[in-house]
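Subject: Structure for you to look at

Hello,

Here is the structure I promised to pass on. Please open it, then read my notes below.

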Amino acid sequence: MIVGQEEVAARLYKIGAGAASVGAIHILSLLLSWFVETDGGFTVPLTGYVFPESLILSLLGGLLAGVGLLAGYLVKQVGLTKLLIGLFAVVGGLLSLSSPLYIYLVRILSLNIRGYPDIGMFAAVFTGIVQLGVGALALLTPTRREVIPTTRPIPAAAQPDLFEVAQPAPATRRPVAPTPQQPPRASTTRFLPASDIEEATCSICYEPVQKEEAVKCSNCGTIYHRGCMEAWVGLNSTCPNCKAIVIE
Ligand SMILES: [Zn+2]
Ligand SMILES: [Zn+2]
């Protein structure tokens, strides 16, 4: 089954909308507690946005998916839509994922802040991974031929490669008659002596035919040995060339 270009575009927009939603949720995770500091007997929750790096990376990462969806919607080529939505979501996902990883590995561990990661950091990591996955899904969406989506039905003649799967085999592939000459159609025939021939080849055994032993199909005029023809008609009751039924 061939999937239409509009259908592919609609699917890409859905994937892009999913990536944008995940990006928005990722940005919201900045409002949650990312790390609980336990220095000096106090437990202090640190929200995601208190770190400038996470604020920038997560905002950028989350927004990129939305930007990709918008850009993908504005271009009128399915292949380009796929690239924009997919690449923006993947790059955004990488930024989103790098935000909590950077905060945890560089800021918290290197500064030796005691405590433990909190729900916000897990949410940020999770949404970053999902955003990456959704972007990859967009990039892996097959677009077949990457042409401009059109609302008009594509004429079969203009796009033969798209439709050849659904069409029956062309008429030229049908088996043709074994001899080159195309005989006139008739339902019946009889074999007559053909003593007037100069030289001929039997169309059954491909040996030369002497005029005393030659017979001719009255329908298509093909020459055979009498013996060959009688053996053939005994089996098939038709002229081997034109398939007319032998009535005598
Ligand atoms: Zn023969
Ligand atoms: Zn014939």
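Start with H4. This helix lies across S1, S2 and S3. H4 runs at about 145° to S1. Keep in mind that this is a predicted model.

Next, the sheet itself. Three strands form an open sheet, in the order S2-S1-S3. The pairing is antiparallel. Strand S2 (44-47) and strand S3 (115-117) are the edge strands, and each pairs on one side only. On average, neighbouring strands of this sheet are turned by 25° against each other, direction ignored.

Look at one pair in detail. Strand S1 (residues 33-37) pairs with S3 over three bridges, in the antiparallel sense. Which residue of S3 is the bridge partner of Glu37? The partner is Gly115.

Now the packing. In soluble globular proteins, nonpolar side chains tend to be buried together. The largest nonpolar core here has 24 residues. Ala19, Ala65, Ile85, Ala89 and Val134 have the most contacts inside this core. Which elements give two or more residues to this core? They are helix H1 (5-28), helix H2 (52-74), helix H3 (78-111) and helix H4 (119-140). H3 gives the most, with nine residues.

Zoom in on Ala65. Leaving out residues up to four places away in sequence, Ala65 touches Ala19, Ala20, Val22, Gly23, Phe88, Ala89, Gly92 and Gln131. Another core, of 14 residues, lies apart from the largest one. Among its residues are Ala214, Cys217, Met229 and Cys242.

Best wishes

Note on methods: Residues numbered from 1 in each chain as written. Chains lettered and ligands numbered in written order. Predicted model: local features only at pLDDT ≥ 70, side-chain atom pairs only at ≥ 80, totals over all residues. Core = buried A, V, L, I, M, F, W, Y, C linked by C-beta atoms within 7 Å. Buried ≥ 20, exposed ≤ 12 C-beta atoms within 10 Å, placed from the backbone. Helix = DSSP H or I, 4+ residues; strand = E, 2+ residues; numbered from the N terminus. Contact = placed C-beta atoms within 7 Å. Pairing = 2+ DSSP bridges. Axes fitted to C-alpha atoms, helices over the stretch in contact; angles between N-to-C directions.
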